[in-house]
Amino acid sequence: MPNKLRLAVVGLGFWGRRWVPYALASDVCELVAAVDPLPAARASAVEAFDLPPELLFADLDAACAAAKPEAAVIVVQPKYHFAVASRALTMGLDILCEKPLAPNMEEAKGLLAVTRASGRTFVVSQNYRYRGANRAVREAIASGAIGELAYVHWDFQRAMRFGGWRDEELDEVVLEDMSIHHFDLMRFLTGREVLEVYALGFRPDFSWFKGRPCASAVLRLEGDVCVSYFGSWVAPGTQTTLNGRVTIAGSRGTIEFDTDIGDATLVTERGCRRQTIRGGLDFPGLDRSLAAFARCLRTGEPAETDIADNIKSLAVDLAALASSRGGHPVLVADILGTERTD
């Protein structure tokens, strides 16, 4: 790439500080601005990454005027995504946004409308898609390795202490903060859309979160494929990977994996025959999201997780939240406001 993509990172909190080193080390992007309204956040970024003061800005308007970025990575709290991203789009920036896209469908559709009106590109960083095991499993399912898809079991168990707004402000912690990764992967791995969700969030007595950090859910996919899902941010026992422990069953076999890197296993003949699905040992991080984003901007190729696709993953997450809060199943089409296909 002859010219690196001039990039601003907007938001220098917990996740923003994780994006900065990837932007600094990128072969395809050049960090030209780091933006946060809080002086303490800017000072922390300077100390952590030895950033020159001229890269630090208190607001996006000032950053655009002085540093002339072409694109922005939006890493503010989801409740601020609409305000920050829509402003960036109107200033002519292409957007790579942290998940979840928005806290509600109204704002998500608003961002889609602003994106289309601006003619810019808006991509959501669903970086788990780029992990080798996930891509290998998707290819195996698409090739017919397990025959006709039957059901999926998904178990996610981690103990995580974030501090800050996740601990204090979220009502449904795992559903609001983490499950979007898993719901997006369900669509990605199976090639099927989610039609309906029945979810229940809850809070164990020993939880350090103010809200509900655990959830159980049943999801119905196209073809009446059912997914049983459990997620916990306060798991007291054996931890799964961030991907979760996944079993995908079909008419000819089952794929099993619990890995962020490495291989999956194809099990056939009632467990008597096991075959390795090679996923590789590469651990793609946020750099893979950055590289994919830059590539789609430079080549015009459609982004795998552009806003028009990712709004469907968000709708699954919002359906799960509505179900947990309302105590009944929720159709994803009702969240999207589209015609039902079931």
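P100 is located in the loop that runs between strand 5 (94-98) and helix 5 (105-118). The peptide bond that leads from K99 into P100 is cis, and its omega lies near -15°. The structure is a predicted model.

**Backbone**

- A further backbone feature concerns K68, whose phi is near 55°, a positive value in a residue other than glycine.
- K68 is part of the loop between helix 3 and strand 4 (71-74).

**The largest pocket**

- The largest pocket holds about 1100 Å³ of space.
- Its lining is made up of 49 residues, and those closest to the centre of the pocket are F14, W15, G16, V75 and R166.
- Helix 1 makes the greatest contribution to the lining of the largest pocket, giving four residues.
- By class, the lining of the largest pocket contains 27 nonpolar, ten polar and twelve charged residues.

**The cavity**

- The model has one cavity of 30 Å³ or more.
- The largest cavity contains about 40 Å³ of space.
- The residues that line the largest cavity are L96, V123, V124, S125, Q126, Y130, S289, A292, F293 and T305.
- At least two residues of this lining come from strand 6 (122-125), and at least two come from helix 10 (286-299).
- The lining of the largest cavity has six nonpolar and four polar residues, with no charged residue among them.

**How packed helices are described**

**Helix 4 with helix 5**

- The axes of helix 4 and helix 5 are 9 Å apart, and the two helices pack at an angle of about 5°.
- Angles under 35 degrees count as roughly parallel, and helix 4 and helix 5 are therefore roughly parallel to each other.
- On the side of helix 4, the contact involves H81, F82, A85, S86, L89 and T90, which meet E107, G110, L111, V114, T115 and S118 of helix 5.
- The contact of helix 4 with helix 5 comprises five nonpolar residues, six polar residues and one charged residue.

**Helix 5 with helix 11**

- Helix 5 also packs with helix 11, at an angle of about 175° and with the axes 10 Å apart.
- Angles over 145 degrees count as roughly antiparallel, and helix 5 and helix 11 are therefore roughly antiparallel to each other.
- M105, A108, K109, L111, L112, T115 and R116 of helix 5 are in contact with I307, A308, I311, L314, A315 and L318 of helix 11.
- Ten nonpolar residues, one polar residue and two charged residues form the contact of helix 5 with helix 11.
- L111 in helix 5 meets residues of helix 4 and also takes part in the contact with helix 11.
- T115 in helix 5 likewise belongs to the contact with helix 4 and to the contact with helix 11.

**Helix 9 with helix 11**

- Helix 9 (residues 179-190) and helix 11 (residues 307-326) have axes that come within 9 Å and cross at roughly 125°.
- S179, I180, F183, D184 and R187 of helix 9 meet D309, N310, K312, S313, L314, V316, D317 and A320 of helix 11.
- The contact of helix 9 with helix 11 consists of five nonpolar, three polar and five charged residues.
- L314 in helix 11 meets residues of helix 9 and also belongs to the contact with helix 5.

Definitions and conventions
Residues are numbered from 1 along each chain as its sequence is written. This is a predicted model: local features need pLDDT of at least 70, side-chain atom pairs count only at pLDDT 80 or more; totals for chains, interfaces and linings use all residues. Side-chain values use heavy atoms; hydrogens and water are left out. On a 1 Å grid over the protein atoms alone, a cavity is a set of points where a 1.4 Å probe fits but cannot get out, and a pocket is an open set with protein on both sides within 12 Å along at least five of seven lines; lining residues have an atom within 4 Å of a point. Grid points are joined across faces, edges and corners, and a volume is the space filled by probe spheres set on the points. Ala, Val, Leu, Ile, Met, Phe, Trp, Tyr, Cys and Pro count as nonpolar, Asp, Glu, Lys and Arg as charged, and the others, Gly among them, as polar. Axes are lines fitted to C-alpha atoms, for helices over the stretch in contact, and angles run from 0 to 180 degrees between N-to-C directions. Contact means heavy atoms within 4.5 Å. Angles under 35 degrees count as roughly parallel, over 145 as roughly antiparallel, 65 to 115 as roughly perpendicular and the rest as oblique.
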